[in-house]
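Subject: Structure handover and notes

Hello,

Please find the structure below. My notes on it come after, sorted by topic.

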Amino acid sequence: IDQVKLYGDQVLWSVDLPLPEGEAPEVAVRNVRALAARAVATALGLPPGPVHLNAPFRKPFEPLAAEPEEPAPEPERAPGLVVTRGQLLPTPAQVTLLAQMLSDHPRGIIVAGPRHERDDGFGEALARLARFAGYPIFADPLSGVRFGSWVADTAVLGGYDTYLMEDGPGWAEPQLVLRFGALPTSRWLNDYLARIRPAHRVHVRASGVWADDHHSTTLFLQADETATCAALQAELASRRRALGWGVQLQATESIYWQVMRRALADDAFDGAFVTELFRLLPAHSRLFVGNSLPIRHVDQFARPRVRPLHLYGNRGASGIDGNVSTALGIAAATGDPVVLLAGDITFYHDMNGLLAAKQHELKLVAVVLNNDGGGIFRRLPVARIEPPFTELFVTPHGLDFEPAATLYGLGYSRVTEQAAFREALRSALDEPGSHLIEVRTDSRADHERRQELIASVLAEVRGRR
């Protein structure tokens, strides 16, 4: 295998390290230390991402002496390279322009897409801006905005994936869209953003990475999101506040959750289990959400809450690759327990990653929605065509994951009802060690149940306009 630029353009930087030497000159040591510092800085930079360091070694790898020699003491060296980065702040002219746009267009919305998890105060800063602007926030579950104390007094919306399915949600079109982060998870939110005709579409993103499939952005500002929100809020504080616009949107949001609360009580389809998971997670829990159905269920059924939660997900080209390993990586990096919500195919695809839980004494609670295959494909038109739908798209496997839990030393529970799920989750969170909770559901029945819920919500929304 050619090791040079092995990962192509999927990494931010690729570099070959020098061969190790027993008595390396000082300049070679400084070179390696500087490369390490630069690699970390690049990986954490704008945009953040992976870096490939290729480390070559000469044969033989093992020591040749019969008795291992005592290693020579490490000589004292000068301090190594430290790489720091300042904030990318908006200019006063940019802040004034944005504030004027928001003031001139009181009917606006904020779209908070997926963002990298950082303790930078973004959620609170965005909520303050939203309150001063009078704009409701459409908060993706991976935005870091849907769960936090600001939900108590800010219009944070989370049910849009259902009530935006209709062409007209029942309120006037917004005059301005203010976006942060990557493309939202919700297909229906993206469709809604594509069909409206606001006067301005503003996207603020520190990384500078473009995220607009419809190429409709009218102003792109590369600046620190938290600092931009704070500066905008301060500027708007001296202007008139736009009140009343978000009332209709909040009313629709309230109707949605009222219908869901009644409908999902003790229901046994996978969306109901996701709702219950979010109700039971303690404050500051770390939850990694797998792709396919789980992230879409979270988007649709996880209500915004005051209780702070930290959500992670590998959106984009990752698909089902490495989701178990990523969840365990978060546990290793933070030292905290991590809950993994994944589908059966995703869990199976990276099942061997569970070995890290035992090897590194990590705490993982894996909640696996086992509906025997790729249930998400039931949402596509190809679901009506047999064959090849079941064999090539659903790919049923008939697997029982209890032996996997035994193999990797995890506690195990199989549940089919919410009461049993509540008990299993509480026990798994409280007891030491890692646990696997296998939630057995029926993908066909779940798909039909979800369609019934959507119809109920839309009928209720239409009836209260």
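Conventions

This is a predicted model, in which local features need pLDDT of at least 70 and side-chain atom pairs count only at pLDDT 80 or more, while totals for chains, interfaces and linings use all residues. Residues are numbered from 1 along each chain as its sequence is written, and side-chain values use heavy atoms, with hydrogens and water left out. Helices (DSSP runs of H or I, at least four residues) and strands (DSSP runs of E, at least two) are numbered from the N terminus.

Nonpolar cores

A nonpolar core here is a set of buried Ala, Val, Leu, Ile, Met, Phe, Trp, Tyr and Cys residues joined through side-chain atoms within 4.5 Å. Buried means under 20% relative accessible area, exposed means over 50%, and partly exposed is in between (1.4 Å probe, protein chains only).

The largest nonpolar core has 31 residues, and Ile109, Phe138 and Leu164 touch the most other members. Two or more residues each come from β3 (108-112), α4 (160-163), α5 (187-195), α7 (247-264) and α16 (443-463). The top contributor is α7, with seven residues.

Contact means heavy atoms within 4.5 Å. With neighbours within four places in sequence left aside, the contacts of Ile109 include Tyr135, Pro136, Phe138, Leu176, Trp245 and Leu249.

The sheet

Two strands pair if DSSP finds at least two bridges between them. An open sheet is formed by six strands with parallel pairing, in the order β10-β9-β11-β12-β14-β13. Its edge strands, β10 (309-312) and β13 (411-415), each pair on one side only. On average, neighbouring strands are turned by 20 degrees against each other, direction ignored. For these angles, axes are lines fitted to C-alpha atoms, for helices over the stretch in contact, and values run from 0 to 180 degrees between N-to-C directions.

Within the sheet, β11 (residues 338-343) and β12 (residues 364-370) pair in the parallel sense over six bridges. Ala342 is opposite Val368 in β12. Helix α8 (residues 270-280) packs on the sheet and touches β9 (285-289), β10, β11, β12 and β14 (435-440). The direction of α8 makes about 170 degrees with that of β11.

Salt bridges

A salt bridge is a side-chain nitrogen of Lys or Arg within 4 Å of a carboxyl oxygen of Asp or Glu. The whole structure holds 15 of them.

- Arg115 and Glu225: the closest N and O atoms are 3.8 Å apart. Arg115 is in the loop between β3 and α3 (122-133) and Glu225 is in helix α6 (residues 225-236), so the pair ties together parts that are 110 residues apart in sequence. Both Arg115 and Glu225 are buried.
- Glu460 and Arg262: the closest N and O atoms are 4.0 Å apart. Glu460 in helix α16 and Arg262 in helix α7 are 198 residues apart, and the pair links these distant parts of the chain. Glu460 is partly exposed, at 24% relative accessible area, whereas Arg262 counts as exposed at 52%.
- Arg286 and Asp336: the N to O distance is 2.8 Å. This pair links Arg286 in strand β9 with Asp336 in the loop between α10 (323-334) and β11, 50 residues apart. Arg286 counts as buried at 16% relative accessibility, and Asp336 is partly exposed at 30%.

Backbone

Which residues does a cis peptide bond with omega of about -25 degrees join? They are Glu386 and Pro387. Another cis peptide bond joins Pro387 and Pro388, with omega of about 20 degrees. Pro387 lies in the loop between β12 and α13 (389-394), and Pro388 is found in the loop between β12 and α13 as well.

Asp372 also lies in the loop between β12 and α13. Asp372 is not a glycine, but its phi is positive, at about 60 degrees. Its relative accessibility is 29%, which counts as partly exposed. His284, in the loop between α8 and β9, likewise has a positive phi, near 70 degrees, in a residue other than glycine.

Regards
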